[in-house]
Amino acid sequence: MAGQDGKWQKEGSDQNFDYMFKLLIIGNSSVGKTSFLFRYADDSFTSAFVSTVGIDFKVKTVFRHDKRVKLQIWDTAGQERYRTITTAYYRGAMGFILMYDITNEESFNSVQDWVTQIKTYSWDNAQVILVGNKCDMEHERVISYERGKTLADELNIEFFETSAKDNHNVKAVFERLVDIICDKMSESLDSDPTLVAGAKGTRLTEQPQGPNNPNCNC
């Protein structure tokens, strides 16, 4: 895993996992971040959520490349008034799911601002996937697949369209992000094998204190 100094650190065998990856889901309010997280972590969907207040997270353990990877997935508030709180959690994040709503032009236009936030507050090797959510609402679509893909290409990141409601591509996004992080980790370890054994720094589980609301949604 990576300390907040950007180095990789392998957890001890008694931890029941090989690596821990801290992931953040970011984007404007109401693009479906919490529904997306609940679909992946709990395989559940409801449209009855209220907006996330501050930040919340879930933990899920997956197997990738013969490794047990513990995912600590943070669901962030999209509203501007929570930005100071949520950006405090960017540090140490190894992956970001940057989400917009295909039925909402403003959420798409805000993607570049969120990319700037990532570049400002996270470490250089953080991996990002752009997600156009709510593709089940095709009749209300205002952002074409091509526009999303073009923007992702310009940002040099991968792109998926998803539906938390229909469970379309939700698992695929998380699996791909984990794979990208694993690939980057392998490259880092190939260049400097001492990173795993010698990495020091803050554990990814140590986070700034902030409000938590278990009944949340963006």
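How many bridges join strand β1 to β3, and do the two run parallel or antiparallel? Seven bridges link β1 (residues 19–27) with β3, and the strands run parallel; two strands pair if DSSP finds at least two bridges between them. This is a predicted model, in which local features need pLDDT of at least 70 and side-chain atom pairs count only at pLDDT 80 or more, while totals for chains, interfaces and linings use all residues. Residues are numbered from 1 along each chain as its sequence is written, and side-chain values use heavy atoms, leaving out hydrogens and water.

**Overall layout**

- You will find seven helices and six strands in the chain; helices (H or I, at least four residues) and strands (E, at least two) are DSSP runs, numbered from the N terminus.
- Starting at the N terminus, the order of elements is β-α-β-β-α-β-α-α-β-α-β-α-α.
- Of the chain's 218 residues, 53% count as buried; buried means under 20% relative accessible area, exposed over 50%, and partly exposed in between, with a 1.4 Å probe and protein chains only.
- Among contacts with a separation of 6 or more, 75% come from residues 24 or more positions apart, where contact means heavy atoms within 4.5 Å.

**Strand β3**

- β3 (residues 67–76) is mostly covered, with seven of its 10 residues buried.
- Within β3, Ile73 is the bridge partner of Leu23.

**Helix α5**

- Gly148, Leu151 and Ala152 are the buried residues of α5 (residues 145–155).
- Viewed down the axis of α5, these buried residues fall within an arc of 100°, so they line one face of the helix; the arc is that of the directions from the helix axis to the C-beta atoms.
- As a reminder, an α-helix has 3.6 residues a turn, so residues three or four places apart point the same way.
- Glu146 and Glu154 are exposed residues on the face of α5 turned away from its buried side.
- The cover over the buried residues of α5 includes β4 (95–101), α3 (105–109), α4, β5 and β6 (158–161).

**The largest pocket**

- The largest pocket has a volume of about 280 Å³.
- Thirteen residues, written 13 in the count, line this pocket, and the closest to its centre are Ile118, Lys119, Asp124, Ala126 and Val128.
- On a 1 Å grid over the protein atoms alone, a pocket is an open set of points where a 1.4 Å probe fits, with protein on both sides within 12 Å along at least five of seven lines, and lining residues have an atom within 4 Å of a point.
- Grid points are joined across faces, edges and corners, and a volume is the space filled by probe spheres set on the points.
- α4 (111–121) and β5 (127–133) each supply at least two lining residues, and α4 gives the most, with three.
- By type, the lining has seven nonpolar, three polar and three charged residues.
- Here Ala, Val, Leu, Ile, Met, Phe, Trp, Tyr, Cys and Pro count as nonpolar, Asp, Glu, Lys and Arg as charged, and the others, Gly among them, as polar.

**Loop residues to look at**

- Trp123 sits in the loop between α4 and β5 and counts as buried at 12% relative accessibility.
- Trp123 and Ala93 are 30 residues apart in sequence and 7.5 Å apart in space, C-alpha to C-alpha.
- Asn167 is in the loop between β6 and α6 (170–191), has a positive phi near 60°, and is partly exposed at 38%.
- Asn169 lies in the loop between β6 and α6, with a positive phi of about 70°.
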